Amino acid sequence: MRKGLLLGIVLILLLSLSMGTIYGASDSPTLILDGQVLQTPEPPVIRSGRTLLPAKVLFESMGGTVSWDAQLRKTTIALDDTTVELFIDSTTAYVNGEEKQLDVPATIISRRTYVPVNFVATQLGCEVLWNATDRTVTVNSPKEPVQVTDISVQQAGDTLRVQLSADSAIEGYRSVAYELPDRVVIDIKHAKLNFEDTDAAGSLGISNSVFSDVRYSQFDTDTVRAVIDLAVKQAPHVSLSQDKMSVYVDFTVDENSGDSSDDDNSDNDDGDNTSGEVLPDNGDGVINNPQLADLDLPQLDWRMQGQLIVIDPGHGGTDSGSLGYQNGSVILQEKTINLKVATRLNELLQMAGATTHMTRTDDSSVALYDRPEIANQLSAALFVSCHNNSNESATPHGTEVHYSNKESEADYNFRSQTVATFVMDELEKSMGLQRRGAKLSPSYAVIRCSNMPAIIIEGAFLSNPSDLQYMLTDQYVEDYALGAARGIIKALNASVN
Ligand SMILES: [Zn+2]
């Protein structure tokens with residue numbers, strides 16, 4: 001009897017010790033779902049710094065489904081309209097059919113499927129927080145959709161604003177202009193239409209010189225859509241308010257343009273054309289700048305004209321960037337040539353109809369992380385950083401363009417890889433240097449920290465004597481700026497055609 005009891009205690013001890021080894025019970029983290037501690041049949045485990053846990057309890061507690069395919073050794077987790085497929089011991093996963101890489105694969109422990117919680121929950125739209133001090137993993141279910149409560153129209157000076165207002169911070173939006181009929185579409189994501197009096201689709205019934213009406217609807221279960229029916233071909237500048245609770249859609253009202261369509265002068269008169277010269281109309285009601293033909297620079301499609309392009313001249317002030325030497329002394333500082341190129345690029349893009357902003361216009365210091373932040377604050381659509389290259393060796397030479405495939409790009413109308421490729425092609429033609437190519441460089445700060453598609457252009461090498469001689473000429477500035485401008489315009493135009 002005593003012996004039997006002792007044996008029993010020893011067995012229990014051994015069992016719990018081995019359980020502890022398998023599950024890491026003694027130091028296993030606590031799981032908190034939406035503020036409540038969630039008990040799983042077995043505690044979470046940590047593998048290679050990642051928390052894994054049995055999928056079923058967590059995701060079914062959120063209202064999702066978890067299924068197992070024994071033949072494929074695949075677990076499928078679905079929540080709302082997202083499906084994550086994980087294969088046991090494989091670092092390749094699929095999210096809505098799209099391939100993704102994991103650093104720690106799903107695994108089987110004691111006949112239970114354990115999945116990496118951070119990866120799966122994040123893909124399902126949850127917020128995941130890890131607190132190392134008290135060893136807790138906090139998972140917050142996808143947020144409630146924002147309620148779009150009002151759409152209003154105001155005019156201040158020459159700005160006509162359509163304002164879409166929500167009851168909380170807007171998580172994402174997208175704007176696109178279309179032709180036939182001319183209209184601008186604004187989608188607010190993860191949103192529900194909830195006006196004071198109605199949640200049904202309707203229109204404001206407001207018209208003016210810019211638009212004939214503003215329509216709105218619950219476009220799909222997750223998207224509120226406003227459609228602005230245009231009276232003129234003008235793409236607005238779309239931005240988020242400081243508190244992120246409103247989307248501003250800003251049009252410019254041309255004070256000179258009357259409503260009378262039979263007045264030939266007002267139709268052909270560009271506000272910027274002070275010479276009185278009548279500019280040719282390209283047939284779309286958009287005025288072509290005759291200089292563009294001389295420069296072989298395409299006009300930016302009107303649908304892209306409201307999209308803000310931020311131009312970032314690399315380095316500046318106390319940061320000179322790379323240095324070009326001749327006979328032991330500095331003959332060129334990278335910050336100087338970058339500013340010259342960026343200034344000319346800015347001029348060319350504006351000439352083609354683009355809306356632009358420069359992160360610096362003189363030799364001042366701008367902190368590296370402020371540069372993408374400026375673009376984020378301005379709700380820019382594209383970030384272009386102008387640099388030149390250098391190497392310890394004098395041998396490398398030529399042109400390269402960097403881009404990333406970051407997830408936030410999906411909310412925009414074009415991808416940075418497309419822009420980088422167009423720009424690389426055009427720079428190769430205009431500068432004629434060695435093509436080093438469009439390169440995937442997701443870790444560069446300005447690319448990583450900007451929400452929008454972003455590219456970094458490295459024109460030529462200050463460390464290469466032949467490149468450097470070219471860089472000292474005005475022709476270099478023109479060839480670089482013109483090639484970059486052509487590439488950007490062509491990429492943006494391709495995105496709407
Ligand atoms: Zn640089």
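**View A. Leu368 is partly exposed, as 13 other C-beta atoms lie within 10 Å.** The model shown is predicted, and local features are reported at pLDDT of at least 70, side-chain atom pairs only at pLDDT 80 or more, whereas totals for chains, interfaces and linings use all residues. Residue numbers start from 1 in each chain, following its sequence as written. A residue counts as buried with 20 or more other C-beta atoms within 10 Å of its own, as exposed with 12 or fewer, and as partly exposed in between, the C-beta atoms being placed from the backbone. Leu368 belongs to the loop between strand 27 (355–358) and helix 7 (370–377). Helices (H or I, at least four residues) and strands (E, at least two) are DSSP runs numbered from the N terminus. The C-alpha atom of Leu368 is separated by 8.9 Å from that of Gly314, 54 residues apart along the chain. Over the protein chain there are 11 helices and 31 strands, and 35% of the 497 residues count as buried.

**View B. His315 and Lys244 have positive phi values in loops.** Most residues other than glycine have a negative phi, and most peptide bonds are trans. His315 takes a phi near 65° and is located in the loop between strand 24 (308–313) and strand 25 (323–326). With 25 C-beta neighbours inside 10 Å, His315 is classed as buried. Lys244, with a phi of about 65°, is found in the loop between strand 22 (237–240) and strand 23 (246–252). Lys244 has 14 C-beta neighbours inside 10 Å and is therefore classed as partly exposed.

**View C. The peptide bond joining Leu180 and Pro181 is cis.** Its omega is about -5°. Pro181 lies in the loop between strand 16 (173–178) and strand 17 (183–189).

**View D. Helix 6 (residues 334–351) crosses helix 11 (residues 474–496) at roughly 45°.** Their axes come within 8 Å; axes are lines fitted to C-alpha atoms, for helices over the stretch in contact, and angles run from 0 to 180 degrees between N-to-C directions. Helix 6 and helix 11 are therefore oblique to each other, given that angles under 35 degrees count as roughly parallel, over 145 as roughly antiparallel, 65 to 115 as roughly perpendicular and the rest as oblique. The crossing of helix 6 with helix 11 is right-handed; a crossing has this hand if the near helix is turned clockwise from the far one by less than a right angle, and is left-handed if anticlockwise. Helix 6 contributes Lys340, Val341, Arg344, Leu345, Leu348 and Leu349 to the contact, and among the residues of helix 11 are Val477, Tyr480, Leu482 and Ile488. Residues are in contact if their C-beta atoms, placed from the backbone, lie within 7 Å. The contact of helix 6 with helix 11 comprises 11 nonpolar, no polar and three charged residues, where Ala, Val, Leu, Ile, Met, Phe, Trp, Tyr, Cys and Pro count as nonpolar, Asp, Glu, Lys and Arg as charged, and the others, Gly among them, as polar.

**View E. Helix 8 (residues 416–431) packs on helix 11 at about 145°.** The axes of helix 8 and helix 11 are 7 Å apart, and their crossing is right-handed. Residues in the contact include Phe422, Val423 and Leu427 of helix 8, and Tyr480, Gly483 and Ile488 of helix 11. The contact of helix 8 with helix 11 divides into 10 nonpolar, four polar and six charged residues.

**View F. Four strands make an open sheet with the order 2-1-13-12 and mixed pairing.** Strand 2 (36–37) and strand 12 (127–131) are the edges, each with a single partner strand, so one side of each has no neighbour in the sheet. Two strands pair if DSSP finds at least two bridges between them. Strand 1 (residues 30–33) pairs with strand 13 (residues 136–140) in the parallel sense over four bridges; Ile32 has Thr138 as its bridge partner in strand 13.

**View G. An open sheet of four strands, in the order 3-4-11-10, has antiparallel pairing.** From one strand to the next, the twist averages 40°. Strand 10 pairs with strand 11 (residues 112–116) over three bridges, and Ile109 has Arg112 as its bridge partner in strand 11.

Methods: Contact = placed C-beta atoms within 7 Å.
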